[in-house]
Amino acid sequence: MSAWLQHEAGNVVERTHAREQQIERLASLMAAPPPVAGGVLADFDGLFAGHRVAWQQTATGPVLVLRVRPDEVPR
Amino acid sequence: MRVAPLRPRVRFPWRWLVDSPLVLVTWVVVLLAASTAREVDQALGGADDVRRRASFWMAKVAAETAAMGVSLDDHAGAPRCMTVGDVAVTVQAVGRELRVSCVPPGGGSWSFDCARLPGASPAALGVPATTGVSLAIDPERLAGAFSAAELPAFRRDAGIALLHLDTGTDRDDFVLDGQHARFGIATDLVAVPGHLWIEPGDEPLRLWLERDLTIVVHGNLYVGRSLAIEGTGRLVFATMIDATSRPFADRDGNGRWSAGDETRAGPFEGACEGGGNAYLGLPRRRAAISIASGLVVAGELHLAGPASVDGPVVLGHAITKIGGPGAELVATGARLFRPERELVPGFVPHGPGRPGLLRHAPGNRPVVGEQPLYLAAPGR
C-alpha cells in the first residue's frame with residue numbers, strides 16, 4: 001500500500017514537473033512570440049483539460065488562441 | 001536528622017517500545033505511513049499550485065484571444081460577454097483601456113487590463129541592432145513634450161563642451177544631472193533643444209524611471225560614462241537632424257567638421273559640431289561604456305572605446321570608430337520593446353489599432369456570471 005502510494009505520488013510529481021515546464025514555455029511564447037507561426041502547439045497537450053492552444057495569424061502578428069479539443073465530448 | 005519521605009518513583013520502561021517484534025513492526029509501519037503521507041501531501045500540494053497557475057494561463061490566453069477580437073472603435077463601455085474555449089470572458093472598454101475578465105471552467109476568476117493602441121511602434125525597436133533606418137518622431141507629441149530646460153534633471157552648462165572638445169560647440173549644451181535624475185509617471189517624452197551630455201565619471205549615472213521615457217535630442221548626444229536604469233521604465237535616446245545642423249562622420253574625432261570628415265545629409269552647413277550624431281565615450285576620455293538604454297541615432301554613431309547597449313540600437317547611417325581597433329559595439333538586446341503590442345513614447349505608430357500587452361489586475365472583480373435574481377418586467 002505504502003509503495004503504491006509512493007509510486008502514485010512520484011507520478012504526480014513527474015506530471016507536475018512536466019506541466020510546470022509547459023507553463024514556462026507558454027509564458028515565454030506569450031512574452032516573445034515568433035514573427036510567423038501556425039498550427040496547433042502539441043507541446044501543451046494535457047495542460048488545459050479539454051482544450052488545446054493554437055497559433056492564429058492576425059494583422060498584428062501571431063496570437064495564441066485557446067480552443068476546445070475536437071475529440072472532447074460536448075458538455 | 002530528617003528522614004526523606006518515601007515517594008513512589010514513576011519509571012517508564014523504554015524497553016517496552018522495542019521489546020516485542022510486533023511493537024517494532026508497528027513502529028516501522030507508522031513511520032512508513034507518515035513518510036508516505038508527507039510525500040503524497042507534497043505531491044498534491046504541488047499539483048494544486050500548478051493547477052492554479054494553469055488556470056491563470058488558460059485565462060490569459062483566452063483574454064488575449066478576446067482582446068484581439070474586439071473592435072477598438074467601440075467606446076460604448078457596455079460589457080461584452082463571449083466564450084473562448086470553455087472560458088467565459090467579458091470585455092469592457094474603460095476609458096482608453098480594455099478590461100478583460102475571465103472565468104475558466106475549473107473555477108477561479110482572473111482580470112486583465114490593456115491599453116488600446118492606435119498602432120504598432122517601429123519594428124526596429126524590437127531587435128537589438130538595425131542600421132540604415134531612420135525612425136520618425138511624432139511632431140505633435142514632440143511639440144507638447146517636456147523641455148529639458150524646464151526639468152530639474154537637466155541643467156544648461158555653457159562650459160562643458162570646452163572641457164571635452166577643443167573648440168566647444170555652437171549650440172546650447174545640457175547635462176543630464178545624476179542628482180535629480182528621477183522621472184515620474186507623468187514624464188514619457190522630453191525634448192532637449194541642443195546637445196545632451198552625460199559627464200564622465202567612475203560610477204555609472206543612475207536614473208530612476210517609473211515608466212518608459214524617450215529623450216529626443218535636437219543636437220548631438222555625448223555619453224561620457226555608463227548609465228544604469230532603476231525602476232520599471234525603459235529609456236531611449238533619439239537624436240534628430242534639424243534645419244540648423246547636419247550629421248557627419250567625425251573621422252578624426254575632434255568633435256567638429258574638419259578636413260577628412262564625411263557629411264551624411266547633403267552639403268555640410270550650420271553648427272560646426274553638426275547635429276544628430278552620438279558619441280559613446282568622449283574623444284579625450286576613451287573609457288568603456290555600458291548603457292542600459294536604447295539608442296536611435298539619426299546621424300552617425302561614434303565609438304571612442306568598447307561599448308554595450310541594452311536597448312534597441314537603430315542607426316540612420318553607420319558607426320565611426322574614433323577609439324582605435326578596441327572600439328566595438330555590443331547590442332545585448334536585454335531591454336527591447338514589443339513593438340507590435342507596446343507604444344514607445346514619441347515614435348509615430350503605424351498599422352491598425354490593437355490592444356496592448358495584458359496586465360494582470362488582481363483587484364478587479366469579473367462581472368461574468370452576475371445575473372439578476374428576477375427578470376425585469378414592465379410595471380403595471
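Across the interface of chain A and chain B, the rule finds zero salt bridges (a side-chain nitrogen of Lys or Arg within 4 Å of a carboxyl oxygen of Asp or Glu). Keep in mind that this is a predicted model, where local features need pLDDT of at least 70, side-chain atom pairs count only at pLDDT 80 or more, and totals for chains, interfaces and linings use all residues. Residues are numbered from 1 along each chain as its sequence is written, chains are lettered from A in the order in which they are written, and side-chain values use heavy atoms, with hydrogens and water left out.

So what does the interface hold? There are five residue pairs in polar contact between chain A and chain B, both residues at pLDDT 80 or more. A polar contact here is a pair of N or O atoms within 3.5 Å; within protein, one must be able to donate a hydrogen and the other to accept it, and residues adjacent in sequence count only if both atoms are side-chain atoms. Helices (H or I, at least four residues) and strands (E, at least two) are DSSP runs, numbered from the N terminus.

Now look along helix 1 of chain A, residues 2-31. Its 30 residues should span 44 Å at 1.5 Å a residue, and the end C-alpha atoms are 43 Å apart, which agrees; the expected span is 1.5 Å times one less than the number of residues. Among the buried residues of this helix are Ile23(A), Leu26(A) and Met30(A), buried being under 20% relative accessible area (1.4 Å probe, protein chains only). The buried residues of helix 1 pack against strand 1 (51-58) and strand 2 (61-68) of chain A, together with helix 2 (21-69) of chain B.

Over in chain B, find His195(B) in strand 11, residues 195-198. At 0% relative accessibility, His195(B) counts as buried. Its side chain reaches the backbone nitrogen of Asn220(B) at 2.7 Å. Leaving aside neighbours within four places in sequence, the contacts of His195(B) include Asp172(B), Phe174(B) and Tyr222(B), with contact meaning heavy atoms within 4.5 Å.

Aromatic rings are worth a stop too: the structure holds eight aromatic pairs over all chains (rings of Phe, Tyr and Trp, its six-membered ring, with centres within 6.5 Å; planes under 30 degrees apart count as stacked, over 60 as edge-to-face and the rest as tilted). Phe56(B) and Trp57(B) pair edge-to-face, at 5.5 Å centre to centre and 85° between the planes.

Key. Buried means under 20% relative accessible area, exposed over 50%, partly exposed in between (1.4 Å probe, protein chains only).
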